[in-house]
Amino acid sequence: MSEYIICVFGSGGVGKSCLTMQFVQGVFLEKYDPTIEDVYKKTLECDGKQYDLEILDTAGSEEFSSMRDLYVSNGHGFVLVYSITSQATFNEVERYYERIISIKDVDKDGQPPIVLVGNKCDSEKDRIVSRETGQNLARKWKCSFLETSAKTKLNVAEVFYDLVRQINRSSLAKRQVATNDDGAGGRVVIHNDPPTPKSSSKTEEKQERRCCCVLL
């Protein structure tokens, strides 16, 4: 059984813990309790195989930022979360992204598996960050994008399924590149387009068309 480390990053109050707890335990945290560092374990069945996920719910407070480099170095995939009701949290995710890229060997290993998440899409009346703005950033980063609601469970599981599939494809591409090394220092570059995650029900499928988008 494969074991993957997934890191959840984002500013304080965007709903990182709510997303993680909803996925792992199926509960919604009504009260905001700032996270220092929490580690959750969950076994996920995806495409007929089982995976042990270790999910690191990281602190949004700057005072705990020294922990993040270690998370990034060991992590297989990353969830970058902002709130659609806060422009400041959207602006902040770019700093997390840049840090990930600076630590990971992008030239050697390629783009790390990332899902950009606009959380709290149940608060449409308070929306500040448009879907198009999130889509454009995901297009720039060439990563997946989902709008979620930890409160209603919309697309919460889809975030982690998508990330596991990205990690699998990334691992396969690395093996194929190694196999196809031309012997003169050249590499065969293999591009993999992630599939669009599917909603778990017809109701969520209708909601997803209104409230989320996945970009490749």
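User: What should I keep in mind before reading the model?

Analyst: The model is predicted, so local features need pLDDT of at least 70 and side-chain atom pairs count only at pLDDT 80 or more, while totals for chains, interfaces and linings use all residues. Residues are numbered from 1 along each chain as its sequence is written, and side-chain values use heavy atoms, with hydrogens and water left out.

User: In what order do the six strands of the open sheet stand?

Analyst: Strands of a sheet pair through backbone hydrogen bonds, either parallel or antiparallel. Here the order is E2-E3-E1-E4-E5-E6, with mixed pairing; strands (E, at least two residues) are DSSP runs numbered from the N terminus, as are helices (H or I, at least four), and two strands pair if DSSP finds at least two bridges between them. Strands E2 (37-46) and E6 (144-147) stand at the edges with a single partner strand each, so one side of each lacks a neighbour in the sheet. E2 pairs with E3 (residues 49-58) in the antiparallel sense over 10 bridges, and valine 39 stands opposite leucine 56 in E3.

User: Which residues have the most contacts inside the largest nonpolar core?

Analyst: In soluble globular proteins, nonpolar side chains tend to be buried together. A nonpolar core is a set of buried (under 20% relative accessible area, 1.4 Å probe, protein chains only) Ala, Val, Leu, Ile, Met, Phe, Trp, Tyr and Cys residues joined through side-chain atoms within 4.5 Å. The largest one has 27 residues, and Phe23, Leu53, Ile55 and Val79 have the most contacts inside it. Helix H6 (156-179) gives the largest share, six residues.

Notes:
Buried means under 20% relative accessible area, exposed over 50%, partly exposed in between (1.4 Å probe, protein chains only).
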